[in-house]
Structures are given as structure tokens and as C-alpha cells.
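Please read the points below alongside the structure.

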Amino acid sequence: MHIVTDSLITILIHFNYFVLFYMIFVNAIYTLLFLVSIHALYIHRQKKKYWSYEDMLASNYTPPLSLIIPCYNEESTINDNVKALLSMNYREFELIIVNDGSKDSTLDQLISEFELQKIKMPYRRKLNTEEINDIYFSRLFDNIVVVDKKNGGKADALNAGINISKYPIITAIDADSILERDSLAKVIRPFVEDPSVVVSGGVIRPVNDCVVDKGFIESIHLSKKHLVRFQTVEYLRAFLFGRLGWGSFNALLIISGAFGVFNKDVVIEAGGYTEDTVGEDMELIVKIHRNRRKLKKPYKIVFIPDPVCWTQVPEDRRILKNQRKRWHKGLMDTMLNHKSMLLNFKYGSVGLMAMPYFFLAEMLGGVIEVFGYLFVPLSFLLGIVSFEFFIVFLILSILYGIFLSSSAILLDEYSFSKYNHVKEYLILILYSILENVGYRQMNAWWRCKAFFEYRRGKKSWGDMTRTQFTAETTNKKDKQ
């Protein structure tokens with residue numbers, strides 16, 4: 001019995017030291033990203049003063065775009081979203097809608113609404129995909145192409161769109177996402193300013209309870225639903241600190257699949273989107289990092305805090321759980337696929353900074369946090385750790401997180417002011433405090449479960465439920 005007790009105490013002591021190191025490491029990274037992000041926001045504001053988006057759009061250097069919209073069972077929203085994209089404030093672009101074997105009337109809706117005509121169109125198959133059944137052009141709009149193909153998943157649909165596209169810059173946009181009218185002009189700006197930029201991404205914001213009419217945001221409101229408010233805090237923190245900070249080090253590992261812009265040749269060079277993962281967006285970015293550094297070619301992958309893409313986030317706890325578990329398994333796919341990059345000097349800031357952070361804080365973070373909630377209080381009760389250590393642990397794990405979340409919310413209000421009322425920002429600050437009591441622990445538990453449930457294997461779109469956007473407050477269900 002004494003041997004078991006002594007062994008348990010030894011395990012707890014070592015784990016407590018590890019948790020302390022872990023918290024110091026993670027919060028040090030957060031602090032660095034926080035400081036770098038503030039500087040990056042300042043630079044971004046200065047640029048906007050001296051070169052407006054209107055001037056950029058009028059410039060001959062602004063490249064034409066191919067917008068690729070993969071869709072599967074999107075009959076209730078696809079027409080409004082395509083119409084909205086047609087009204088984007090951008091000089092020259094084409095829309096490539098890829099119907100990935102939908103089982104509903106998605107294709108029929110497109111054929112009817114846009115008077116599609118089937119054609120024989122030659123194209124170069126630079127990326128392998130499932131068989132394409134038919135290609136359609138619109139009689140009403142000369143920049144609409146619809147590709148009907150056998151089901152192969154989102155990555156396969158995106159690769160098919162890349163094969164069909166005619167322009168050198170491609171934009172991947174989810175079929176259920178809503179862009180602001182000037183979002184394309186803003187997200188393309190880095191390509192115009194710096195020829196070494198190969199990928200650019202923008203901000204994703206929850207559209208729940210906003211007023212949407214014909215695919216455009218008419219008025220912005222903070223959702224009244226608790227789960228959505230918690231996610232809004234998460235999104236602001238992740239984008240304004242995480243991605244803006246990592247982008248400043250050219251070590252960004254993910255551009256959201258809902259809204260990203262890519263140099264097409266670079267994507268093809270990296271092998272396109274990977275099909276056997278649910279995290280195809282992160283996988284592609286890491287492959288680009290790996291390939292460009294292997295070829296010793298200069299490149300930049302950047303994040304712009306201004307262009308906004310609005311998307312539905314889960315309002316149901318079960319759907320949110322499935323989403324977060326799916327995201328975590330996608331993260332694990334990428335980290336394990338590219339584990340040779342971890343702490344590898346050949347990959348610079350990606351291998352020495354981003355990969356260790358994502359491995360320890362993101363991939364293992366849920367497991368460490370769950371066990372920390374169990375072992376640290378147990379150690380305190382058994383007298384292994386002092387009251388002072390216990391308090392330091394709480395401060396590092398909770399209070400500093402509240403500070404970062406609140407700072408992200410205040411920075412958003414100062415820089416972009418998307419919400420019309422100060423009250424909505426004050427509510428978000430309140431939720432940045434409340435998320436530490438229940439919501440954060442729930443997320444950690446889901447990530448922990450996903451870690452132990454992880455299995456490799458081909459992933460599909462999964463079932464999705466859509467309801468039509470109207471001019472009233474949206475109430476669409478998110479992906480299952």
C-alpha cells in the first residue's frame with residue numbers, strides 16, 4: 001500500500017512540474033503573439049491610410065480571381081449565395097461551383113436559376129479527382145461555371161475546381177459562407193503589395209442572429225444564444241491574436257477553409273488538397289510550407305484582419321461537440337503527417353516555433369488540461385503542492401486567459417467596430433470571463449476524447465442541415 005501511495009505521489013509531483021512548465025510555455029507564446037499582433041494591427045491601419053482599396057481595385061496590378069465554391073446538399077442557400085458572390089466589389093473574377101454528388105436538388109436549383117447549359121470543355125487534369133460528369137456554363141452570366149462530379153469529399157471538390165479554373169489566383173469559399181462586398185479586395189491586397197505572398201486569409205465571424213438578405217449582411221447583431229457568444233469570443237481571440245501573430249512570423253499553419261486565397265501554381269506544386277483528412281485546410285498550408293522550404297523558394301503566408309467572411313456556428317451542443325472533435329482529429333492528422341518538421345531547423349520558424357506550439361498546446365492541450373483539472377487539486381488536497389502553487393496555477397490558467405480574450409474584444413472594437421452598440425462588446429467581455437466556468441472545460445473534454453478516439457482513414461463531408469437565409473434574423477443549423 002505504501003509503495004502504491006509513494007508511486008502516486010511521485011507521479012503527481014512530476015506531473016505538477018510538467019503542468020507548470022506547460023502553462024509557462026503556452027502563456028509565454030500567447031504573450032509574444034499578443035504583442036506582435038498589436039504591432040501588426042497598427043501597421044495594417046497605417047497602410048489603409050495611404051492606399052485605399054478603391055485605388056487598389058482600379059490598379060492594373062490587381063489580379064483576376066477564380067472563386068471555387070464546393071457544395072454538397074446546399075439546395076436551400078446555394079442560389080442566394082451565388083447571387084451575392086456575383087455582386088462582389090471586384091474587377092474580374094469567375095465563379096466555379098463544384099457540385100460534389102449532392103443528393104438533394106442543388107444542381108437542379110442552379111440549372112434553373114442561372115439557365116445553365118451543358119458544354120464540352122477541355123481542361124488540364126493537374127490534380128487527380130473523382131470523375132466529372134458534366135460542366136455547365138450560364139446563359140445569363142459569362143463568369144459562372146458549374147461542375148457536376150461524383151462524390152469525393154470537400155478536398156476532392158476543391159481539386160476539381162482548381163483543375164477547371166483559368167486564373168492564377170484561386171479563392172476557396174464555403175457554400176454556406178457570406179462575404180462582405182469588399183472582402184475580396186481586402187484579402188487580395190497582400191498579393192498586389194508583395195510578389196512573394198502565396199497565401200492570404202481573412203477573418204471568420206459568426207453570422208447567427210444577424211440579418212441576412214439575398215446573401216448579404218444587412219445588419220450585424222450579437223447572437224442571444226450562449227453557445228454562439230462563447231464561440232464569438234473564441235473566434236476573436238483565435239484570429240486577432242493567434243493567426244495575426246503567427247502570420248507575422250511567417251509561421252501560420254492554418255488558413256480557414258471558409259475563406260482563403262492561394263497562388264494556384266503553388267497549390268498544385270504542393271499536391272493540392274489532401275483527401276484523406278478532415279483538416280484539408282490546415283494540411284494544405286503545412287504542405288505549402290514544407291514544399292517551399294524544401295525547394296528553397298521565397299514565400300509568405302499572411303493573415304489580414306480586415307476582410308470578413310460570415311458563417312454559421314453551431315447553436316446545439318451536440319453539433320458543436322462533433323465539430324470540435326472533427327477539427328481536433330484533423331489537427332492530429334496534419335501534426336502526425338508532418339512530425340518530421342517538429343523542431344527541425346530546416347523549416348525555420350515553422351519547425352522551431354509553430355510546430356512545437358501546435359503539438360504541445362493544441363494537439364496535447366486537451367489531454368493535459370483534463371488531467372490537470374484532476375491531478376493539481378488532488379495534489380493540493382494531499383499536501384503535495386502548497387497553497388501558493390495552487391493559486392499561481394489558477395492565475396496562469398484562468399486570469400491570463402480572461403485578459404487575452406478581453407484584449408481581443410477591445411482591439412476588435414477599436415479597429416473594426418463591427419457591432420453597433422458598446423453593450424454588445426461588454427456582453428462579450430462578460431462571456432470571456434464566463435467561458436472559464438464550464439465552456440472551456442467542456443471543450444477540453446471533447447479534445448481529450450478526440451485524441452484517444454483518433455484513427456486514420458478517409459473522411460467525408462458528413463451530414464449537413466441547411467435552412468434558407470431570409471431578410472429576418474438567420475436561424476440556420478450548422479454542420480453536423
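E283 is found in helix α9 (residues 280-294), where helices (H or I, at least four residues) and strands (E, at least two) are DSSP runs numbered from the N terminus. The model is a predicted one, in which local features need pLDDT of at least 70 and side-chain atom pairs count only at pLDDT 80 or more, while totals for chains, interfaces and linings use all residues. Residues are numbered from 1 along each chain as its sequence is written, and side-chain values use heavy atoms, with hydrogens and water left out.

**Surroundings of E283**
- E283 has a relative accessible area of 4% and is therefore buried, a term that means under 20% relative accessible area with a 1.4 Å probe, protein chains only.
- Beyond its neighbours within four places in sequence, E283 is in contact with T274, T277, D333, T334, N337 and H338, contact being heavy atoms within 4.5 Å.
- The E283 side chain makes polar contacts with the side chains of T334 at 3.1 Å and N337 at 3.4 Å; such a contact is a pair of N or O atoms within 3.5 Å, one able to donate a hydrogen and the other to accept it.

**Sheet**
- An open sheet of 10 strands, with mixed pairing, runs in the order β3-β4-β5-β2-β1-β6-β11-β8-β12-β7, and its edge strands, β3 (116-119) and β7 (178-179), each pair on one side only; pairing requires that DSSP finds at least two bridges between two strands.
- Strands β1 (residues 65-71) and β6 (residues 169-173) pair in the parallel sense over 4 bridges, and the bridge partner of I68 in β6 is A172.

Technical notes. Buried means under 20% relative accessible area, exposed over 50%, partly exposed in between (1.4 Å probe, protein chains only).
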